[in-house]
Amino acid sequence: MTGSQFGLFGTDPWWLVILKVLAIFVMLVLLTLFTIWWERRVVSRMQHRIGPNRVGPQGLLQSLMDGIKLALKEEIIPKAAHRAVYWLAPVISATMAFLAFAVIPFGPTVSIFGVETPLQLTDFPVSVLYVLAIASIGIYGIVLGGWSSGSTYPLLGGLRSSAQMISYEIAMGLSFVAVFLYAGSMSTSQIVAAQQPIWFAVILLPSFIIYCTAMVGETNRAPFDLPEAEGELVGGFHTEYSSLKFALFFLAEYINMVTVSAMATTLFLGGWMAPWPLSLWEGANQGWWPILWWLIKVQIFIFVFIWLRGTLPRMRYDQFMKFGWKVLIPVSIAWIMIVSVARVLRNEVSVTTTDILIGGAIVIVVLLVGSWLFQIRQDRREEAEALAEAEALSAEFDPMAGGFPVPPMPGQQFTYTSRRSLAQGTTIVQEPAPAGLEASSDDSSAEDSNG
Amino acid sequence: MTDVATDVNTGELVVFWVCAIFAVVGALGMVLSRKAVHSALWIALTMINLAILYIANSAPFLGMVQIIVYTGAVMMLFLFVIMVVGVDASDSLIETIKGQRVASILLSLGLAILLIWGVGNGLVESQSVGLEAANEIDGGNVQGIANLIFTKYLLAFELTSALLITAAMGAMVLAHRDRWQDNPHQRELSIARFKDGGHPGNLPNPGVYARHNAVDTPALLPDGGTSDLSVPRAVQARGDERPLDRVDIAQVHEITEGKSE
């Protein structure tokens, strides 16, 4: 691109805009149909089955047939549903899924019917934020779908799903920061252009890993598919949906998968740029070829999605949330710190051997701080344990501690006291506690599993 | 700002009127809705339309942040609370705070005066250089905002973030509950389960025979006896456990071995 920052964007004639919108729409629908078939075939292969192979060559038309069947099915709306919102939810989900693709770059500037235009619907200075914004509106579809069904499992599924998506969106947004720092821009086309010598996946590997983890959580896919945990929540937020409305949710889920894969490609894998051995060929990054490279990269991500689903068991919800908040977010913040410090040093300090020294110093400091924090934690834990043990052994149970009747602390023996004798200040009558009152948490859990 | 009227093109006008109408309708709907969830949805509509107006006015960063922060996070939290607590139209609408209406009218009047005064002052008194020139200084809209936030308004920015962190800490302190003991983990639970000779895994299912597909039917053991574990203890305590129908089993045996014929 030459001249101003967004040279050819916003100069397309109206018919070209409509053409691009249509092309993206059709491509997304076809990709969804393909992805469903591809997922079923790959998972089947991983599970020693064959998978759909009857309709069309290799069963390729299976998902089209399934879609038609789904649309023609009877629609059941629960009596307790809030009609308007119930109708609105799948529409929000599907629309937002399509909208996010407006800023994904597919290729360089080409000539369509004599008009020079980039292979991207549009772009503006904050288009990556636009994708985040659209994703956050898309969550409304899920929450409202869960709520408006007027049923318990969908409500729980919707809450789970939105809590999950909001939590992982934070980690996702943080993983973008390093990319913005290196690209010096938040526009997708410029981020792609900034990856010309080397992909950000290589120089910003931690960001890439964090993004890849967060994108699986963001799309509610295995092993993070807790909103649809069949054993706990039936189908999650869409339990009460049927026919075309369910089909819209289904469509949105698969498009979201493609969207996050396309974002990963754009931000970390050089977008439509040809990978190394291909980039030696002059024409690889010109004309219509880049769409092919783009598609291959996106398909690799989708294959990894399917692979994960075929391999990993579902995580427990509390472990999953803990992982998001206590691992992914702190790690990304620390990584952003390191990256920005390195950037500042490279900008302000001359790039000589100091660079290496500084890098080493950072690593040492991080290690020192890490081990120091670890030591503090270890010490504290040991101290607390010792203290608790000592307390449990030494303290005698005072049923009227602080002047109020209180239950025994863990480790203390429950004693019966006669209030009258206590008032007279004479003797404490000690009786053996009845079995029911002495049951510890271990016993009760054992009871639970037996009952 | 003198040539505002001449600067506006048709597209901009269409965007303005569509978004303005939606924003006002959303605001009215938010006040007039009887259901709390509907109110939340209306205000989300207003916020999204305001964001579109920001973007149309060449403030893309502000518009996106408006959607991500307000629509995506703040309103979502409101929705969460409303859904979980289950606020509904059936709830009583009696006002518990005295003089609430008067106070709110006074406050909104004050806010309106402040806004009109402030914006009017800005329009009349200060000289505007135009967006292009303003963006030119730092090489872009986003860069300009970043420059202002992290230099001129750094203190205000940091104070705001401190305020937000304080609020978050306050919420955490209020919601915090001290545990006496750690929650038992899977390991401890499984040790406890086996320590007292507990049953490994699930208890046996009730026996399902052709005639009684119900929980009061005990499971058959390989030796021909029945398993007490397979019938819920409540059923056993009531004495409702169905005795094993040996005659039936004999009959089944006879039929399968063809003796009855």
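Helix α5(A) passes α4(B) in a left-handed crossing, meaning that the near helix is turned anticlockwise from the far one by less than a right angle. The model is predicted, with local features needing pLDDT of at least 70 and side-chain atom pairs pLDDT 80 or more, while totals for chains, interfaces and linings use all residues. Residues are numbered from 1 along each chain as its sequence is written, chains are lettered from A in the order in which they are written, and side-chain values use heavy atoms, without hydrogens and water.

**Helix pair between chains**

- The axes (lines fitted to C-alpha atoms over the stretch in contact) of α5 (residues 152-183) of chain A and α4 (residues 60-85) of chain B come within 11 Å and cross at roughly 155°.
- α5(A) is therefore roughly antiparallel to α4(B) (angles over 145 degrees).
- In contact (heavy atoms within 4.5 Å) are residues including Leu155(A), Leu159(A) and Ile166(A) from α5(A), and Gly72(B), Met76(B) and Phe80(B) from α4(B).
- The residues of this contact comprise 8 nonpolar, 2 polar and no charged.

**Nonpolar core**

- Among the 114 residues of the largest nonpolar core, those touching the most other members include Phe101(A), Tyr211(A) and Leu79(B); such a core joins buried Ala, Val, Leu, Ile, Met, Phe, Trp, Tyr and Cys residues through side-chain atoms within 4.5 Å.
- Helix α4 (residues 127-148) of chain A supplies the largest share of this core, 14 residues.
- Beyond four places in sequence, Tyr211(A) touches residues including Phe176(A), Val260(A) and Phe268(A).

**Thr259(A)**

- Thr259(A) lies in helix α10 (residues 243-268) of chain A and counts as buried at 5% relative accessibility (under 20% relative accessible area, 1.4 Å probe, protein chains only).
- Leaving aside neighbours within four places in sequence, Thr259(A) contacts Ala97(A), Ala100(A) and Phe101(A).

How values were computed: Axes fitted to C-alpha atoms, helices over the stretch in contact; angles between N-to-C directions. Helix = DSSP H or I, 4+ residues; strand = E, 2+ residues; numbered from the N terminus. Parallel < 35°, antiparallel > 145°, perpendicular 65-115°, else oblique. Nonpolar A, V, L, I, M, F, W, Y, C, P; charged D, E, K, R; others polar. Buried < 20%, exposed > 50% of the residue type's maximum accessible area, 1.4 Å probe, protein only.
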